[in-house]
Amino acid sequence: MNAPALTRPHRARLRIEDFLLLDGSGAFADFAKAELIEGDIYCMNAQYYRHGRAKTELAFRLRLVLPPGLAMVTETAVAMPPHDMPEPDIIVLEAGLYEGPIPLAAVQLLVEVSDTTLDIDLGRKAAVYARHGVPEYWVVDVQGRQVHVHRDPSGGGYDGITVTAFGTPLTSLAGLTVATDDLA
Amino acid sequence: MNAPTLTRPHKARLRIENFLLLDGSGAFAEFSKTELIEGEIYVVNSQFQRHSYVKTELAFRLREATRGTSLLVLVEGAVAMPPFNMPEPDITVMHGPLGSGPILIETVSLIVEVSDTSLDIDLGRKAAIYARHGVADYWVVDVEGRQVHIHRQPGEAGYAGVSVQPYGTPLTSLAGLTIATDDLP
């Protein structure tokens with residue numbers, strides 16, 4: 001895993017290969033979604049209607065405007081070695097046939113739709129995505145009816161963050177323009 | 001693992017079977033000691049001289065004291081405390097016969113942790129876990145402070161009976177094993 005000289009107990013972080021081994025054993029079979037975040041496993045079960053609807057509708061709108069060469073998938077694992085493998089709600093990536101989780105290098109845009117998880121999506125997840133260099137990250141705040149657009153990733157977080165109210169169209173760095181009316 | 005209704009991410013705790021699967025895959029091969037504590041994995045690499053010496057010497061004295069009994073002394077054996085804990089105490093005294101796999105909690109007579117750099121953990125989190133799992137006799141040997149914390153009467157809320165003996169006073173375990181604590185570095 002990682003081996004500094006340790007005389008005091010040190011909490012080990014799981015790697016993607018450890019997570020995949022556990023997943024293959026059925027360890028997460030009780031859960032609808034399992035993510036590896038900074039070496040810890042996080043599980044979720046229920047998705048409620050507002051979150052589900054906003055995610056599905058936004059994915060549909062992104063799919064309609066996809067240019068050649070790009071693909072859009074929902075809730076698919078993205079490998080961010082060695083200790084992160086989230087399953088973002090929506091992923092826009094370079095089209096291609098990939099084996100296993102989506103390679104980080106192919107990712108153009110990640111979207112998380114936040115109903116009950118806004119603090120996590122704006123906090124820990126934004127830090128993880130920035131550290132791994134995800135070029136663009138949208139957090140759709142269903143309750144606040146706005147979208148937090150994150151750009152310019154670095155080790156210290158996203159340097160460029162803007163908030164756009166529902167109703168204003170959004171254009172991604174990759175050139176996809178979608179309406180944000182009636183998302184929730 | 002465990003499936004309540006979760007709309008917010010819930011940190012999953014590893015179970016002993018998950019931990020054994022990872023261990024079998026070689027995930028912990030770089031570490032000298034790996035423990036599952038409250039569903040999290042903790043690793044240790046280096047053990048320094050004083051800790052190792054005191055542990056070895058106490059294990060030897062306990063082994064001498066078990067002559068003629070069915071008690072067995074194991075150093076750094078994994079003890080299964082299902083579902084989320086599998087520590088490797090420095091010394092475990094168990095009732096025989098010897099089985100296979102991790103030590104079963106119901107066979108444990110005494111657990112000893114030798115604390116050099118980890119006293120806070122051994123008196124804190126570890127004591128809470130051992131008490132919750134009903135370990136009847138738990139000794140924490142404070143190498144720096146030259147004393148032994150004896151924990152008895154385990155319960156859900158911790159050990160109800162804790163006493164501290166300075167080095168030099170013989171110790172007798174609940175199972176009747178008496179050892180000297182003189183001449184420890």
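Visitor: Which residues meet where α1(A) and α1(B) touch?
Guide: From α1(A) there are D18(A), L21(A) and L22(A). They meet N18(B), L21(B) and L22(B) in α1(B). Keep in mind that this is a predicted model.

Visitor: How many nonpolar, polar and charged residues are in that contact?
Guide: The contact of α1(A) with α1(B) has four nonpolar residues, one polar and one charged.

Visitor: At what angle do the two helices pack?
Guide: At about 125°, with their axes 10 Å apart. Each of the two helices covers residues 16-24 of its chain. That angle makes α1(A) oblique to α1(B).

Visitor: Is the crossing left-handed or right-handed?
Guide: The crossing of α1(A) and α1(B) is right-handed.

Visitor: New topic: the sheet in chain B. What's the strand order?
Guide: β4-β6-β8-β9-β10-β11, six strands in an open sheet. The pairing is mixed. The edge strands are β4 (71-75) and β11 (158-166) of chain B, and each pairs on one side only. On average, neighbouring strands are turned by 20° against each other, direction ignored.

Visitor: Which helix packs on that sheet?
Guide: Helix α2 of chain B, residues 49-65. It touches β4, β6, β8 and β9 of chain B. The direction of α2 makes about 155° with that of β8(B).

Visitor: Let's zoom in on β9(B). Is it mostly covered or mostly open?
Guide: Mostly covered: six of its six residues, 137-142, are buried.

Visitor: Which residues point which way?
Guide: D137(B), W139(B) and V141(B) point one way from β9(B). Y138(B), V140(B) and D142(B) point the other way.

Visitor: How many bridges join β8(B) to β9(B)?
Guide: Five, and the two strands run parallel. In that pairing, V141(B) of β9(B) is the bridge partner of V114(B).

Visitor: And how many join β9(B) to β10(B)?
Guide: Six, with the strands running antiparallel. D137(B) has R152(B) in β10(B) as its bridge partner. D142(B) stands opposite Q147(B) in β10(B).

Visitor: What do β9(B) and β10(B) form together?
Guide: A hairpin, with four residues between the strands. R146(B) sits in the turn and has a positive phi of about 55°.

How values were computed. Residues are numbered from 1 along each chain as its sequence is written. Chains are lettered from A and ligands numbered from 1 in the order in which they are written. This is a predicted model: local features need pLDDT of at least 70, side-chain atom pairs count only at pLDDT 80 or more; totals for chains, interfaces and linings use all residues. Side-chain values use heavy atoms; hydrogens and water are left out. Axes are lines fitted to C-alpha atoms, for helices over the stretch in contact, and angles run from 0 to 180 degrees between N-to-C directions. Angles under 35 degrees count as roughly parallel, over 145 as roughly antiparallel, 65 to 115 as roughly perpendicular and the rest as oblique. A crossing is left-handed if the near helix is turned anticlockwise from the far one by less than a right angle, and right-handed if clockwise. Contact means heavy atoms within 4.5 Å. Ala, Val, Leu, Ile, Met, Phe, Trp, Tyr, Cys and Pro count as nonpolar, Asp, Glu, Lys and Arg as charged, and the others, Gly among them, as polar. Buried means under 20% relative accessible area, exposed over 50%, partly exposed in between (1.4 Å probe, protein chains only). Two strands pair if DSSP finds at least two bridges between them.
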